[in-house]
Protein chains: 2
Amino acid sequence: MSNPYAYAKANQNRFLEEYQDLLRIRTISTQPQHAADVARAAEWLKAMMLRIGMKRAEVILMPEGRCPLVLGEWDGAGPDAPTVLIYCHYDVQPAEVADGWDSEPFEPTIKDGRLYCRGAVDSKLHVMANLKAVESWLAAADAPKVNIKVVLEGEEESGSENINAFIAAHPERLAADIAMISDGAILAPDQPSLTYGLRGIAALELHVSAPISDLHSGHWGGSVHNPIQALCEIIEQLHDENGTVSVPGFYDDVAAVTAQDRALLEQVAPYLQAEWDDVVAAPAVWGEAEYNLPERLGARPTLEINGIQGGYTGAGMKTVLPAGAFAKITCRLVPRQDPARVLQCVMDHIHNIAPETVTVDIRPSEPGAEAVLLDVEGRAMAAAAQAYTHAWGVEPVYERSGGSVPICVECAKVAGAVVIMSYGLKSGRAHGPNENIYLQNFAKGIQATIKFIDVLGEGRG
Amino acid sequence: MSNPYAYAKANQNRFLEEYQDLLRIRTISTQPQHAADVARAAEWLKAMMLRIGMKRAEVILMPEGRCPLVLGEWDGAGPDAPTVLIYCHYDVQPAEVADGWDSEPFEPTIKDGRLYCRGAVDSKLHVMANLKAVESWLAAADAPKVNIKVVLEGEEESGSENINAFIAAHPERLAADIAMISDGAILAPDQPSLTYGLRGIAALELHVSAPISDLHSGHWGGSVHNPIQALCEIIEQLHDENGTVSVPGFYDDVAAVTAQDRALLEQVAPYLQAEWDDVVAAPAVWGEAEYNLPERLGARPTLEINGIQGGYTGAGMKTVLPAGAFAKITCRLVPRQDPARVLQCVMDHIHNIAPETVTVDIRPSEPGAEAVLLDVEGRAMAAAAQAYTHAWGVEPVYERSGGSVPICVECAKVAGAVVIMSYGLKSGRAHGPNENIYLQNFAKGIQATIKFIDVLGEGRG
């Protein structure tokens with residue numbers, strides 16, 4: 001074979017078989033009974049790295065039996081060539097037929113151009129598309145003009161406890177000029193998208209108490225500020241009627257939505273609205289009236305109640321006036337917001353508005369994460385855009401994701417630039433039953449990564 | 001023995017032994033593994049009724065293995081004499097040393113003039129004080145001039161599912177001129193009290209939902225009205241800053257606190273405040289400023305949040321934006337309020353204030369219970385007051401309890417008048433660890449019931 005693009009097309013059926021072989025391994029990192037499956041997958045991936053021509057491959061065991069990393073490296077482009085680091089994760093969420101699957105969740109099932117399996121989109125799609133792109137390059141007549149590192153995480157779905165520490169302890173192992181985080185989803189089957197921003201996060205728990213123990217609500221109701229009610233009164237004062245966060249200082253450092261942002265995100269709006277109608281489907285869209293949907297989701301910070309609990313919530317009636325109640329709160333942050341400062345503003349506000357009839361205890365969660373804003377005009381993003389355009393025949397649109405991807409922050413510490421490349425679809429039901437991909441996305445993803453490596457090496461060698 | 005008062009005093013030690021024998025039986029009605037203990041206690045009580053001279057005694061088995069009633073009757077005063085019905089319950093709450101007991105919870109332990117045991121106050125105290133009063137009468141030279149019925153319930157602590165149906169099906173079995181509900185507690189060791197009012201109850205569940213399923217709070221936060229937040233906003237609008245319920249129509253039928261109420265309840269205030277400081281001990285008293293503590297607790301209706309639940313409340317952080325959240329709400333009602341009408345007012349208000357960005361589903365609980373207001377100036381209450389004055393040497397004060405005692409409503413259907421007589425203390429830790437009574441309260445209770453029967457028979461025979 002003379003070029004990687006043709007090699008990939010010629011071997012597409014075999015690639016699809018190998019992708020399905022990996023899908024069959026139950027790499028559920030949250031369930032200890034699948035530790036052997038995870039270990040087997042790690043060895044399977046290491047063997048594949050060596051078989052496709054990577055010079056080194058290693059399974060890095062993690063403390064206390066946690067799921068291993070798999071590292072592979074090809075440095076044939078020489079010490080003067082740039083290095084690209086490709087990150088994916090090979091572990092998956094749990095899945096059982098009883099959750100609502102129409103087929104066995106760990107048996108790949110192809111139907112109407114789609115492949116259904118746990119991990120099909122999140123994220124064995126990315127693991128295999130990237131490894132098969134590397135294979136295609138290493139099997140081609142001309143070697144790639146960039147060095148390649150691949151890191152495959154085994155505990156992304158169970159907290160990523162160890163990878164950050166590994167990166168901090170061994171920065172040279174993952175050092176690169178460009179890090180490609182390959183996870184997530186594009187907007188539509190025929191519309192690739194590039195994420196250039198991710199929100200950060202800050203979290204706290206808010207505990208409200210009043211009586212020293214649970215009381216009989218008949219005996220004492222009317223004489224004590226019910227902690228559930230007081231908690232609700234506090235929460236009600238965290239937003240105004242416009243959906244804007246009412247915490248003084250909350251928006252002080254928020255980077256304004258620029259004209260460039262607005263122009264880019266305008267293109268995403270119809271896709272996001274369609275997805276909202278499908279996935280959210282609430283009675284009405286809610287939020288800050290002066291921002292459109294992609295801006296609310298990607299460029300504006302939020303304060304969200306993730307959980308609330310107090311009193312009796314079982315079947316029937318129990319007339320308790322509880323001693324306390326609590327809520328879990330997270331703030332999604334945008335660039336320039338410092339998680340610690342935002343937490344302080346929220347805590348100060350709650351202490352200011354808390355009534356004197358109750359006791360408030362606020363427990364911040366450490367350490368939070370800053371938002372990420374990638375350089376839309378940088379070389380890595382330009383290469384990613386060319387890669388998508390080559391594979392899809394359509395230029396990508398640019399979006400800012402509302403979520404947080406901490407590995408981006410970590411990789412930014414060891415890489416000159418970071419780019420996020422996703423080949424799944426938002427409608428692919430990651431984490432849910434009947435997770436699936438369009439088969440064509442697997443083939444297009446391989447072509448896109450081949451092109452990405454190609455563009456990064458242009459003008460060299 | 002010529003009179004019942006002397007008989008009781010002479011036999012006090014034996015009475016105390018028998019009381020302790022009953023306390024040792026683990027009559028935990030909520031735990032199926034104690035069904036045999038409950039059955040044994042029922043037979044023990046039936047045997048005692050016959051031994052002390054009641055003419056008939058019967059254990060009434062309940063459907064599906066639920067805990068039996070024990071009925072006893074003495075009709076020796078003849079068909080023209082009035083009949084008093086004495087109600088108590090012999091089942092108890094669960095108890096284990098691990099809950100914080102300083103002694104074995106089912107082994108009576110006497111220390112410093114107190115007797116510690118599960119059921120000591122709630123309510124084997126009342127079962128035994130009343131049976132021993134009946135024994136004292138039936139052993140005396142002169143027979144009582146009222147007929148006596150005793151009904152002992154075995155599932156008061158597990159929902160009282162069957163007694164109401166039994167009363168409805170066999171009204172003649174419990175028919176009486178005066179029903180004496182013997183349960184609960186007086187204000188202080190040296191201050192007896194008579195409860196002349198009980199609040200009613202109406203209950204509902206409030207469910208708020210918005211997205212069709214749980215969402216990632218990063219991906220969608222800022223674009224959908226978080227159901228927890230919306231629920232809090234609704235709950236916040238159920239009271240004003242004064243602690244007054246904000247539901248239109250809620251107070252429409254509320255009977256005003258009369259000058260007589262105010263004069264009676266004024267005497268209770270210092271006792272209740274001391275108990276509040278001990279039992280509630282919140283940072284500050286809360287509630288309707290224009291009413292004092294006993295009025296807030298006994299004469300004013302309330303709307304209380306008994307439970308709230310939504311999203312993730314386990315350890316750590318889970319960035320979910322939940323599909324829904326719910327709260328359990330009960331209203332305590334005062335005389336003239338109709339439970340169904342109050343529920344309708346609350347439901348109408350919630351529907352009026354619910355934002356259009358969420359879906360609200362209100363599920364009322366059937367059927368609620370009306371408040372009870374007993375006749376302070378009636379013959380039964382006067383007899384009870386004389387009974388307390390005789391036994392304690394102090395006239396009782398009058399209070400209105402914030403709780404609801406549904407058996408009062410049921411007994412009112414088969415009895416000409418109802419009175420509530422309590423011999424326990426509010427500080428006796430009913431339902432908690434180290435439940436206890438002052439031993440003297442057992443002796444005084446026996447004397448009070450003897451006197452009550454005496455007064456009811458005055459002017460007869």
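**Helix packing and overall form of chain A**

Biologist: In this predicted model, at what angle do helix α4 (residues 124-138) of chain A and helix α15 (residues 439-456) of chain A pack?

Modeller: The axes of α4(A) and α15(A) lie 8 Å apart. The angle at which these two helices pack is about 50°.

Biologist: How are α4(A) and α15(A) oriented to each other, and which hand does their crossing have?

Modeller: Angles under 35 degrees count as roughly parallel and those from 65 to 115 as roughly perpendicular, and the angle here is about 50°. The two helices α4(A) and α15(A) are therefore oblique to each other. The crossing of α4(A) and α15(A) is right-handed.

Biologist: Which class of residue contributes eight members to the contact of α4(A) with α15(A)?

Modeller: On the α4(A) side the contact includes Leu125(A), Ala129(A), Ala133(A) and Trp137(A), and on the α15(A) side it includes Phe442(A), Ile446(A), Ile450(A) and Ile453(A). Alongside four polar residues and one charged residue, the class with eight members is nonpolar.

Biologist: What is the radius of gyration of chain A, and how does it stand against the globule rule?

Modeller: Chain A has 15 helices and 20 strands. For its 461 residues the globule rule gives 23 Å, and the value for chain A is close to this, so the chain is as compact as a globular protein of that length. The radius of gyration of chain A is 24 Å.

Biologist: What percentage of the residues of chain A count as buried?

Modeller: The C-alpha atoms of chain A fill a box of roughly 85 × 50 × 45 Å along the principal axes. Of the 461 residues in chain A, the share that counts as buried is 54%.

How values were computed:
Residues numbered from 1 in each chain as written. Chains lettered and ligands numbered in written order. Predicted model: local features only at pLDDT ≥ 70, side-chain atom pairs only at ≥ 80, totals over all residues. Axes fitted to C-alpha atoms, helices over the stretch in contact; angles between N-to-C directions. Helix = DSSP H or I, 4+ residues; strand = E, 2+ residues; numbered from the N terminus. Parallel < 35°, antiparallel > 145°, perpendicular 65-115°, else oblique. Left-handed = near helix turned anticlockwise from the far one by under 90°. Contact = placed C-beta atoms within 7 Å. Nonpolar A, V, L, I, M, F, W, Y, C, P; charged D, E, K, R; others polar. Rg over C-alpha atoms; globule rule 2.2 N^0.38 Å. Buried ≥ 20, exposed ≤ 12 C-beta atoms within 10 Å, placed from the backbone.
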